[in-house]
Structures are given as C-alpha cells and as structure tokens.
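Have the sequence and the 3D view ready.

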Amino acid sequence: MLRIHFTSADLTRVRIADRAHLLWETVLSLHRLRDRWAPGELDGWRAGARHRLGSDPERGRRAVGVLGALIPARGNFPDFLTPSDLHGSIDESLDVLAATSRTQLAFELDQMGGFPGGVPTWLQPLADGDKHTVGLLTDSLRDYHKASVAPYLDRVHAHVDAERAVALRGLLDGGTEGMLAGLRPVLRWSPPVLEADYPMEHDIHLGGRGLLLVPSYFCARRPVTLVDEELAPVLVYPVRRTGVGRPAEGREPLDRLLGRTRSAVLASVDGGCTTGELARRVGVSPASASQHASVLREAGLLSTVRDGSSVLHTLTPLGRRLLNGQARKGPVTS
C-alpha cells in the first residue's frame, strides 16, 4: 500500500503536470513492451514498437539492452532517468538528464538493489559521471523513444490532456480535495491521506512540500513515485483510457445533427481545452479544430476566451444540455 500524507499546507501546493512527461512515458513504455498483462489497446502499439526497433537491429538491441539494465522488470529504477522538469521535446529532457551530478548518479545506482555484487563493470563509468557512458544512456533513450513513443505522441498527449481536464474540473467543483477524490479508482482520497495499491508498504510524508501529479499514458494499474524521498514529491498515475479519439456511445443522434467530427469536438471540449489540446483529442489539425470550434461558438454551443497566447474553449449551458441530450427538454433561458 502506498500512502501519501498531506498537511493543510500541502493541499495548497498540489499541481498537475500541464503536458505529458516524455521521459516518464519512455521509461514506463519499456515496462509495457515487456508486460503480458498490459492493456489490450496497447497490442497494436507494442507490435509497431517492436517492428521499428527491429528495423535497425544494432541500435534497437543497444537501446533495449542499456535501458533494460537500468529499468528492471520488477523493482526500482534510478530517479535520474525521470527528472521532474517538463519539456516539449525529448532532446530538452535528455539535456537535463545529461546534466545530472556525479554524486546523484553514483548514489542512485548504488541504491537500486538490482545488481548483485554491486554496479556491473560496464555501468561503473556511468556512476562515475563518465561523459561517454552518459552519452550512451541518452542516445539509447533517444533511439528507444523515437521507435516506441514518438510515433504515438498524439495519442499520448490526447489522453494526458483529457485526464488533466477531468482533474481540473474536479478542482473547480470541489477544490483540491475534490480533485484528489476524483482520481478514483486508482487513487483513493481518505483525508488527509491519498492511498493506492502498491507492491510494498510505502509512506510518503509531504511535510508542506506539495505534490506534482503526472498523468501518464504508459503507466498502468497502479501509480509510480520516486525512490528518493528527499526529491520534490511526484506521483505518476494512469490516465483513463476511454473516450479519446473515438465516438462516444449513445452520441449517434448528435452525430447525425452536427456531423461525426463536430460532435466529437463538442464532446472533447467538456472540461475546457485549448485549440491544440482539442486537435489532439479529436485527431484533426489545429486549423480544422479551430474552424469547428468557430462554427460551434457561432451556434452558441461553445465559449472562447483568450488566455495569454492561447485560447480556451468551454461548453455553454446550451452546449452542455445538447451534449447530455437535454436541449429538447425546455427553452433556453438567460
């Protein structure tokens, strides 16, 4: 059982990642590549990733071999593989990893516990901060990411965007505790403790540091956290896997009224999203998403407000009633 203990100060310092964390997704996808029980929807992804890794056998074997040594099928992997910084590209993320201090590299490799007799000889230079070995690691992560995660990034971002919208809606409706309570069934909020199934007894006392929540597409079944409790607390948890990029059940009348894509746009705005997030959720270009949103806005179904350099789309009361099949039940009132 995992138990994360909150103080009143921690409840004011809960954040949710504003994008997919590319290194967490990359590391966790290796687990899914090796899992027999991974979600069925990943079957196609797994076959494609294996094919792409096999298309360049030397680089594929090197990437999986290096990462497999650091990311055991069971047990902990070093925290330096998943630094807390959130970036838009894998190269930016790997630059942060490459800057990990020699002290942290040596400490975390020693703490892994998966090396009988100590760190293997070929990995010892990594513990010493050797630039060539650090480069081997970052190149392996880049090659593996390119073959396994990059072709799937639109779906990854769409699911993370949708999960974030659900969490933020819980925050608006019920404050931080409402958001935490809405993370069921994977996470269970029993004030002042957030609980989850875990392979061992593990208690984390936040002590006023707050918590960063990171929804992840390739996380499955149960959440993951950092090993070193001295680092800023992070909790990675699985996204909900339904309703993104697919027509929702029971929406056929709305599909016939608006068209399938525009109906999907209306449904995807639920909870609020930017044009870029909307495009990823529906699987269309940003220009197309903007055009559909404009038509729905002119029909009084969406509202759009500018937020810095972005625009945020939300449902109007009429749009929500239409989405819920209630628009025919009564007149619209102001």
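In which sense do β7 and strand β8 pair, and over how many bridges? Strand β8 (residues 234–238) and β7 are antiparallel partners, joined over two bridges. Two strands are said to pair if DSSP finds at least two bridges between them. Strands (E, at least two residues) and helices (H or I, at least four) are DSSP runs, numbered from the N terminus. One spot to look for is Val224, whose bridge partner in β8 is Val236.

Before going further, a word on the ground rules. This is a predicted model, in which local features need pLDDT of at least 70, side-chain atom pairs count only at pLDDT 80 or more, and totals for chains, interfaces and linings use all residues. Residues are numbered from 1 along each chain as its sequence is written, and side-chain values use heavy atoms, with hydrogens and water left out.

Back to the strands. β7 and β8 belong to an open sheet of four strands, in the order β2-β6-β8-β7, with mixed pairing. β2 (14–16) and β7 (224–225) are the edge strands, each with a single partner, so one side of each has no neighbour in the sheet. Helix α9 (residues 153–181) packs on this sheet and touches β2, β6 (211–216) and β8. Contact here means heavy atoms within 4.5 Å. The direction of α9 makes about 160° with that of β2; axes are lines fitted to C-alpha atoms, for helices over the stretch in contact, and angles run from 0 to 180 degrees between N-to-C directions.

Now for the other sheet. This one is also open, with four strands in the order β3-β4-β1-β5 and mixed pairing. Here β3 (188–190) and β5 are at the edges, and because each has a single partner strand, one side of each is left without a neighbour in the sheet. On average, neighbouring strands are turned by 20° against each other, direction ignored.

Buried means under 20% relative accessible area (1.4 Å probe, protein chains only), with exposed over 50% and partly exposed in between. Four bridges link β1 to strand β4 (residues 193–196), and these two run antiparallel; Ile4 sits opposite Leu194 there. With strand β5 (residues 202–205), β1 pairs in the parallel sense, again over four bridges, and His5 has His205 as its bridge partner.

Time for some helices. In helix α5 (residues 90–98), Ile90, Ser93, Leu94 and Leu97 are buried. They cover an arc of only 95° around the axis (taken from the directions from the helix axis to the C-beta atoms), which puts them on the same side of α5. What covers these buried residues includes α2 (22–34) and α8 (131–148).

And how do α2 and α8 meet? Their axes are 10 Å apart, and they pack at an angle of about 70°. α2 and α8 are therefore roughly perpendicular; angles of 65 to 115 degrees count as such, under 35 as roughly parallel, over 145 as roughly antiparallel and the rest as oblique. Among the residues that meet are Leu22 and Leu30 in α2, and Leu141 and Tyr144 in α8.
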